[in-house]
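Hi there,

Here is the structure I promised to pass on.

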There are 2 protein chains.
Amino acid sequence: MTTAPRKGTRVRPAPTLEDLAARAGVSRATASRVLRGDSKVSEHARSAVLEAAQAISYVPNLAARSLVTGRSDSVAFLVEETEERMFADPFFLGMLRSAQEAVAGAGQQLVFTVVNRPEDQERFLTYAAGGHVDGVLLLSLHGKDQLPQRLEGLGVPTVLSGRPLSGRRRLWYVDADNIGGGRLATEHLLASGRQHVATVTGPLDMCAGQDRLAGYRTAIEAGGRAVDESLVSVGDFTVAGGYAATAALLRRRPDVDAVFAASDLAAFGVLRALRESGRTVGDDVAVIGFDDIPAAAEQEPALTTVRQPIAALGMTMTRLLIDRIEGREPLPRRTVLPVELVVRRTA
Amino acid sequence: MTTAPRKGTRVRPAPTLEDLAARAGVSRATASRVLRGDSKVSEHARSAVLEAAQAISYVPNLAARSLVTGRSDSVAFLVEETEERMFADPFFLGMLRSAQEAVAGAGQQLVFTVVNRPEDQERFLTYAAGGHVDGVLLLSLHGKDQLPQRLEGLGVPTVLSGRPLSGRRRLWYVDADNIGGGRLATEHLLASGRQHVATVTGPLDMCAGQDRLAGYRTAIEAGGRAVDESLVSVGDFTVAGGYAATAALLRRRPDVDAVFAASDLAAFGVLRALRESGRTVGDDVAVIGFDDIPAAAEQEPALTTVRQPIAALGMTMTRLLIDRIEGREPLPRRTVLPVELVVRRTA
DNA sequence: AGTGCTTGTGAGAGCGCTCTCACGAATCCG
DNA sequence: CGGATTCGTGAGAGCGCTCTCACAAGCACT
């Protein structure tokens, strides 16, 4: 359909290994050995090849190498969110950053993709299974999305951020201790004498949302009380979601004096709703968030929150994936990193 | 040096075009034609191939295709900054976002790379010239960095964000009207009766920094006065840079009553320094930024700024690059997009 | 019936690399 | 000093695809 010319835009044809070998006076095999750092080459041959490479600006054709090795030395960073969400949430950006660093550190490249629509997913599947990436870092898995299973089925190693809702037995993932974090936050609220501790949850089709809620429940029940469902308001990790959930919550239970929000962004929404209702944050109502994004500390008043080790999360995912790709076993299928409560002014 | 197994992790060997053709009862050539959407195939053959592909979960090997076509259907997004800067500056994030959208819209993939150290640059050069990407979107070019020239020299089409300091004749770039923006901001300050209009510049090894300063100079001179160099304070587009530049400025010229900052981030630093010196922003001193990042409007008081069309910039760069790759000519080597002044509370 | 076109198809030659295998030369050991 | 290793090397066979070319079949004109 396109009228694109079939061959790239290269001015003169790029030198091949053949050319390099000829110039260095060795065989293709030996030239290849030098370039890959194979040990079994004489010092003489090595320097001849290196010199020739310099002289003719030889650059190996990665596609050809990839074709025979079956490796591309790049991994995909896939986010299943809208661009809007991806770029509005510092959590994703933090993960992208640490993944990019870790990938670069391993001498690989990062292919950055965000998919929303089902057809994008199909396209990505073809792309990944086609061998342009050796593995996939998958973020923000919703519901019972089968993408990781399908990728693994096609032979593409995949590591998830966050425990999957289904298939947790067989999939590889790195997660923060969301249950523990929810418990920590709620216990802190309870310990400071709050009577009506509510929670604004994340999306309940995501494991992180469920787990943070589970932590909340555990803490409440450990305190000897039963969970009052009217204190549980469903949100979705965004500012708008937190705001709406809080508005609904306040209508139901004007007596709340503490809120555990399942994300910092949601907590910002909570703060706004609280303020607009005339309440004083930290005094009338205590608030705790989750994530510890940079803005949390800059917030006025500074937000008490559960810190996720975002950099470590991204680092760990990436290393795990690369280890899998390179066949280093045995590796832990699941890694859960600890979180910590950062007490600031709102609780 | 690695002990990696030589073949991927695929459980059973992926089906090849050969397998597909055999199953569909046609030749490899015909199967290939169907997959590429070549017109000259009978309806009968087409459906047979499609069916077979479905049945055996056939996915074409992209490396093999790439080897013969010389195309990879992916482009690199390269930022020459530290990770810190890249992720702290909404301008870069906005560019990444729009580039990712545009690239995906064209059915291509985005390889995201940030390089700081010279050896990273070399590695990237090898990677790009090796054919894993068809072209490069290059952001944040400093000084007389020869990377774009070298890429083009190796046959890799490159489009820059921002006019390069050297080689502007032969390189392709998309830029915002930085000179016009600087002029606009300064004129606004002058028109509102400000007497001592200072500027906190960007880094002067970047064209955007130079141009915004040039716009400032033009406006001052058009107002009939000479530029007072003590009112020009060199910063670097960051909050810290803006803060430091302002501190120095205030020491020199306590009488300033207006500041044009070369970026919004720098403007935030200016505001802080001004506030800490006991001045009232918008009243004692007017401030105008540049970029119109989201935080500019949320700032208290809301920041008056020059809006760059970030989304359009990224979109245009990407389209230009892809058009070049696909050989659509003639195309404009340089594109300059207009900016507009967004008047809010600080000026 | 002959000539020319279009249309759909398959055979086969690569694309540039890696990797196995075989082989001569150098080194080692009993 | 002969046999066994080791070492460095080159020949050659692919990796899985695309693309050119040739060709057979069908159709429309002379």
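This is a predicted model: local features need pLDDT of at least 70, side-chain atom pairs count only at pLDDT 80 or more; totals for chains, interfaces and linings use all residues.

In chain B, 6 strands make an open sheet with mixed pairing, in the order E7-E6-E8-E9-E10-E12. Strands E7 (232-234) and E12 (340-342) each have a single partner strand, so they stand at the edges with one side left without a neighbour in the sheet. From one strand to the next, the twist averages 20°. Within this sheet, E9 (residues 286-291) and E10 (residues 304-307) of chain B pair in the parallel sense over 4 bridges, and B:Asp291 stands opposite B:Arg307 in E10(B). Helix H10 (residues 207-222) of chain B lies across E6, E8 and E9, running at about 170° to E6(B).

Next, a pair of helices. H6 (residues 90-105) and H14 (residues 310-325) of chain B pack with their axes 8 Å apart, at an angle of about 45°; they are therefore oblique to each other. The crossing is right-handed. Residues of H6(B) in the contact include B:Phe91, B:Met95 and B:Val103, while H14(B) brings B:Ile310, B:Leu313 and B:Arg319, among others. By class, this contact has 10 nonpolar, 4 polar and 1 charged residues.

Finally, over to chain A. A:Pro90 belongs to helix H6 (residues 90-105) of that chain. Leaving aside residues up to four places away in sequence, A:Pro90 touches A:Ile293, A:Pro294 and A:Ala295.

Best wishes

How values were computed: Residues are numbered from 1 along each chain as its sequence is written. Chains are lettered from A and ligands numbered from 1 in the order in which they are written. Axes are lines fitted to C-alpha atoms, for helices over the stretch in contact, and angles run from 0 to 180 degrees between N-to-C directions. Helices (H or I, at least four residues) and strands (E, at least two) are DSSP runs, numbered from the N terminus. Angles under 35 degrees count as roughly parallel, over 145 as roughly antiparallel, 65 to 115 as roughly perpendicular and the rest as oblique. A crossing is left-handed if the near helix is turned anticlockwise from the far one by less than a right angle, and right-handed if clockwise. Two residues are in contact if their C-beta atoms, placed from the backbone, lie within 7 Å. Ala, Val, Leu, Ile, Met, Phe, Trp, Tyr, Cys and Pro count as nonpolar, Asp, Glu, Lys and Arg as charged, and the others, Gly among them, as polar. Two strands pair if DSSP finds at least two bridges between them.
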